Amino acid sequence: MEKTLSAYRELGPKHYRETSGLYYEDFEVGDVFEHRPGRTITDVDNIWMTLLTLNVQPVHFDAAYASQTEWKKMLVDSTFTLALVTGMSVRTISAKVVANLGWDKVKATHPVFAGDTLYAESTVLFKRESKSRPTQGIVTVSTRGLNQDGKEVMSFERTMLIYKRGHQPDSAKY
């Protein structure tokens with residue numbers, strides 16, 4: 001039997017609302033979701049992230065300094081990569097999240113530079129019903145960020161509390 005995951009809710013004849021995210025019941029251990037579109041990183045993205053987070057490591061914003069490192073150019077701040085790869089997964093994985101419960105096993109596995117285009121994919125590792133919240137369940141996914149050459153640049157596990165079908169706050173107006 002094929003599984004169908006709807007991206008639209010019918011509001012009336014020939015009238016649909018785009019939806020996003022999976023309910024707890026939609027997740028199955030072993031499912032893999034490729035997140036698109038990709039995102040090309042710019043120097044501005046990297047510099048803004050270092051300014052926003054007060055990251056003073058010069059390899060991220062001082063081209064002269066970075067030219068003396070083994071990479072010979074500025075590295076993208078790994079917290080930007082983590083935020084971007086997480087964000088890329090939201091449309092499918094956590095658009096119906098109650099709360100993120102944690103990021104584990106975060107690994108920066110390959111350097112990222114301005115000009116790289118990142119893509120992401122998530123694999124469902126675990127799910128169980130919440131013992132204290134009967135309208136919600138706990139889901140853990142492994143997410144990988146891949147560059148334009150298919151090299152993994154980051155990986156992590158993320159655990160979330162997800163609404164069960166029929167229990168998400170009403171979004172009828174939105």
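## A proline in strand β3

P37 sits in strand β3, which covers residues 32-40. Helices (H or I, at least four residues) and strands (E, at least two) are DSSP runs, numbered from the N terminus. The peptide bond between R36 and P37 is cis, with omega at about 5 degrees.

This is a predicted model: local features need pLDDT of at least 70, side-chain atom pairs count only at pLDDT 80 or more, and totals for chains, interfaces and linings use all residues. Residues are numbered from 1 along each chain as its sequence is written, and side-chain values use heavy atoms, leaving out hydrogens and water.

## The sheet

Five strands build an open, antiparallel sheet, ordered β3-β5-β6-β7-β4. Strands pair if DSSP finds at least two bridges between them. β3 and β4 (97-108) are the edge strands; each has a single partner, so one side of each lacks a neighbour in the sheet. From one strand to the next, the twist averages 25 degrees. Axes here are lines fitted to C-alpha atoms, for helices over the stretch in contact (heavy atoms within 4.5 Å). Angles run from 0 to 180 degrees between N-to-C directions.

Strands β6 (136-146) and β7 (152-163) run antiparallel, joined by eleven bridges. S142 has E157 in β7 as its bridge partner. Helix α3 (78-94) lies across β3, β4, β5 (117-129), β6 and β7, at about 45 degrees to β7.

## Two positive phi values

K14 is not a glycine, yet its phi is positive, near 60 degrees. K14 lies in the loop between β1 (8-12) and β2 (15-18). K14 is exposed, at 80% relative accessible area. Buried means under 20%, exposed over 50%, partly exposed in between (1.4 Å probe, protein chains only).

L54, also not a glycine, has a positive phi of about 60 degrees. L54 lies in the loop between α1 (43-53) and α2 (63-66), and is exposed at 71% relative accessibility.
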